[in-house]
Amino acid sequence: MHFLWLFYLPSLALESHAAGEGGLEFPTFDGKDRVQEINKKNYKQELRRHEMLCVLYHETLPQDKGLQKQFHMTEMVLELAAQVLEDRDIGFGLLDSRKNAKVAKKLGLEEEGSIYIFKDERVIEFDGELSADTLVEFLLDLLEDPVELISNSREQRAFEKMDEDIRLIGYFKGEESEHYKVFQEAAERFQPYIKFFATFDKAVAKHLTLKMNEIDFYEPFMEEPVTIPGKPNSEQEIVEFVSKHRRPTLRKLRSEDMFETWEDDMDGIHIVAFAEEEDPDGYEFLEILKEVARDNTNNPDLSIVWIDPDDFPLLTTYWEKTFKVDLFRPQIGVVNVTDADSVWMNIASDEALPSAEALEDWIEDVLSGKVNTEDDDDDVGYSDEDGEEEEDDDEDDVDDDDDDHYG
Ligand SMILES: *[C@@H]1O[C@H](CO)[C@@H](O)[C@H](O)[C@H]1NC(C)=O
């Protein structure tokens with residue numbers, strides 16, 4: 001071993017990291033501009049020319065140097081995505097909300113700072129983390145067929161394991177089936193946020209207990225799907241069913257649609273659970289959370305957002321500071337989405353995690369308003385069943401909190 005290292009080290013040193021070794025070459029911006037200004041002269045042509053057009057709708061460039069830098073960084077995310085996806089048929093553009101207000105209006109753009117993707121006759125808003133990774137993944141998902149086929153038992157097992165996502169699966173006679181075509185049309189409306197699958201295979205359908213032309217809807221983390229009533233379904237029936245059921249009892253925050261999820265609050269609040277799936281405590285807590293979600297899946301007032309801090313390294317310190325919690329341990333709390341005020345269930349570090357019953361009691365207190373973000377100043381926090389007092393009784397004292405969580 002040592003001998004080999006000595007042998008290889010000099011050659012490693014000669015090749016710079018920037019050049020990279022074969023097989024792991026991260027793209028860096030090559031300096032070629034691929035993102036162009038979209039204006040009244042070129043927008044129709046750009047829409048026609050590409051399979052997809054990805055447009056950042058932005059405010060007029062500010063005078064402030066700092067803000068200009070910020071804008072430039074956003075622009076670079078688009079440039080890098082454009083470079084990486086150069087071989088795909090995607091156009092990239094910037095649209096100035098003041099300079100090209102008329103074009104924006106024609107295209108139906110509303111939210112400054114948002115990215116819109118034009119595909120066929122549809123406009124899809126990208127409501128995810130503005131990083132090149134997330135954007136590229138999103139665009140690649142959009143280029144794929146809206147419906148993925150499940151044709152054998154191996155694919156069917158993989159399908160059954162995807163329990164974090166909302167999924168639909170339908171059983172149809174074949175490609176030419178009119179009901180399958182209707183299903184495809186419906187799928188396009190939700191692509192890439194909600195995954196649509198289909199099978200033409202009798203054995204797969206039997207295993208998933210699907211009858212001909214039947215469509216099942218899988219809520220995340222639930223064991224049993226719900227069948228869309230009234231088969232064969234029209235496009236409108238499918239769209240309405242999905243729209244009505246798309247807010248699950250337990251959902252995972254994903255970088256590709258995190259802002260959309262956050263905007264979908266429950267009367268101004270979110271019940272948020274932090275748990276690292278790779279951590280034993282986090283994993284166990286998540287299992288308890290799933291149990292609670294399954295028991296309460298018919299409660300329309302309950303939707304818990306699960307955040308795995310591992311998925312959002314750039315936000316972890318911000319969350320710890322804002323919510324005053326230690327994210328190395330599982331946490332569940334209520335967050336007011338207006339002012340990010342929050343209150344957290346007291347989970348003692350040296351004790352077992354709360355049982356499903358204790359968690360359910362706490363959630364009940366949240367839904368009834370007994371536990372809320374407005375009372376925490378006068379210390380009417382939750383104390384759990386065995387009468388455990390909070391060690392840190394001054395929640396307003398930041399220093400105290402820090403001692404408690406990190407000391
Ligand atoms: C959230 O905070 C805002 C601003 O402090 C407050 O007006 C509102 O009542 C709070 N909402 C809830 C549900 O507690």
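Guide: The answer below begins with the ligand and then turns to the rest of the protein.

Two remarks on the source come first. This is a predicted model, in which local features need pLDDT of at least 70 and side-chain atom pairs count only at pLDDT 80 or more, while totals for chains, interfaces and linings use all residues. Residues are numbered from 1 along each chain as its sequence is written, and side-chain values use heavy atoms, with hydrogens and water left out.

The ligand is surrounded by D267, I269, N336, D339, T373 and E374; a residue belongs to this group if one of its heavy atoms lies within 4 Å of the ligand. By type, this shell consists of one nonpolar, two polar and three charged residues. In this division, Ala, Val, Leu, Ile, Met, Phe, Trp, Tyr, Cys and Pro count as nonpolar, Asp, Glu, Lys and Arg as charged, and the others, Gly among them, as polar.

For N336, an N or O atom of the side chain is 2.2 Å from a ligand oxygen. For D339, the distance from a polar side-chain atom to an oxygen of the ligand is 2.7 Å. For E374, an N or O atom of the side chain lies 3.5 Å from a ligand oxygen. On its own the ligand has 370 Å² of accessible area, and the protein covers 52% of this; such areas come from the Shrake-Rupley method with a 1.4 Å probe.

The protein around this site has 407 residues, of which 45% count as buried. Buried means under 20% relative accessible area, exposed over 50%, and partly exposed in between, with a 1.4 Å probe and protein chains only. The protein contains 14 helices and 15 strands, which are DSSP runs numbered from the N terminus (helices are H or I with at least four residues, strands E with at least two). Of the contacts (heavy atoms within 4.5 Å) between residues at least 6 apart in sequence, 72% join residues at least 24 apart.

L135 belongs to helix α5, residues 132-143, and counts as buried because its relative accessibility is 0%. Beyond four places in sequence, L135 touches V77, L78, A81, I115 and F126. L135 and I115 are 20 residues apart in sequence, and their C-alpha atoms are 9.5 Å apart. S255, in the loop between β11 (250-252) and α10 (258-263), is also buried, at 17% relative accessibility. Apart from neighbours within four places in sequence, S255 is in contact with G128, E129, T134 and F312.

Other loops show particular backbone features. D120, in the loop between β4 (115-119) and β5 (122-126), has a positive phi of about 50 degrees although it is not a glycine. D120 counts as exposed because its relative accessibility is 57%. T209, in the loop between α8 (202-207) and β9 (215-218), likewise is not a glycine and has a positive phi of about 50 degrees. A cis peptide bond joins Q191 and P192, with omega about 0 degrees, and another joins K231 and P232, with omega about -10 degrees.

Definitions and conventions: Polar contact = N/O pair within 3.5 Å; in protein donor to acceptor, adjacent residues only side chain to side chain.
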